[in-house]
Amino acid sequence: MVAPVIFNSSSWLGESVLNRFQEGLMMTEVFVRLSYPLIAVCLFSLAYEVLNYWKKDSDWIALISMSLMVGTGLLFGFYFIPEILHLQSQGPIATQSPVFASIHKTSEICFKITVLSGLVLVFRNILKMSR
């Protein structure tokens with residue numbers, strides 16, 4: 001939702017103000033700021049689902065989706081974000097390398113898994129509450 005606006009800034013502003021590298025820096029800042037609440041939600045979900053497991057109030061769908069969400073969310077926040085920041089600090093040339101492209105694509109997949117498994121977990125818990 002945010003990326004198309006940032007990476008097509010010229011269509012919104014009427015002229016090209018930012019280059020691709022600068023747009024990437026802005027997008028990275030969005031994800032850096034998003035990573036803090038993401039990590040907090042992952043840790044809260046871990047604690048909540050472990051507590052439910054101990055109370056025998058958990059099921060395998062919730063445990064699997066929580067594990068996926070926490071694993072990929074923490075990987076995104078503690079590995080991919082710092083790695084992308086490190087590569088961006090080396091300048092625009094580093095962000096055009098195959099290594100950056102691979103890390104970036106993998107981080108996109110990781111984030112999508114985090115969001116999808118988080119949605120499954122939320123809907124699963126809503127269904128459990130409504131019973």
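Reader: In which helix is Thr 114 found?
Author: This is a predicted model, and its features are read with that in mind. Thr 114 is found in the helix that covers residues 98–130, which is H5.

Reader: Does Thr 114 count as buried or exposed, and why?
Author: The cut-off for buried is under 20% relative accessible area. Thr 114 has 2% relative accessibility, so Thr 114 counts as buried.

Reader: Which backbone nitrogen does the side chain of Thr 114 reach?
Author: Leaving aside residues up to four places away in sequence, Thr 114 touches Leu 38, Met 69, Thr 72 and Gly 73. For one of these the side chain of Thr 114 comes to 3.2 Å from a backbone nitrogen, that of Gly 73.

Reader: Which residues does Cys 42 touch, not counting residues up to four places away in sequence?
Author: Cys 42 is among the buried residues of H3. With residues up to four places away in sequence not counted, Cys 42 touches Met 69, Val 70, Gly 73 and Leu 74.

Reader: How far does H3 reach from its first C-alpha to its last?
Author: H3 runs over residues 20–54 and has 35 residues. At 1.5 Å a residue, 51 Å is expected. The reach in the model is close to that, at 49 Å.

Reader: Where does H3 bend?
Author: The bend of H3 is about 30°. A proline, Pro 37, follows within four residues of the bend. The residue at the bend is itself among the buried residues of H3, and the bend is at Ser 35.

Reader: Which residue has a side-chain oxygen that reaches the backbone nitrogen of Phe 21?
Author: The contact lies at the start of H3, and the oxygen comes to within 3.1 Å of that nitrogen. The side chain belongs to Asn 19.

Reader: How far apart do the end C-alpha atoms of residues 60–81 lie?
Author: An unreviewed UniProt entry annotates residues 30–48, 60–81 and 109–127 as "transmembrane region". In the model, residues 30–48 are 100% helix, with end C-alpha atoms 27 Å apart. Residues 60–81 are also 100% helix and 0% strand, and their end C-alpha atoms lie apart by 30 Å.

Terms used:
Residues numbered from 1 in each chain as written. Predicted model: local features only at pLDDT ≥ 70, side-chain atom pairs only at ≥ 80, totals over all residues. Heavy atoms only, no water. Helix = DSSP H or I, 4+ residues; strand = E, 2+ residues; numbered from the N terminus. Expected span 1.5 Å × (residues − 1). Bend = angle between axes of the 7 residues up to and from the residue. Buried < 20%, exposed > 50% of the residue type's maximum accessible area, 1.4 Å probe, protein only. Polar contact = N/O pair within 3.5 Å; in protein donor to acceptor, adjacent residues only side chain to side chain. Contact = heavy atoms within 4.5 Å. UniProt positions renumbered as here; feature names shortened; annotations may be inferred.
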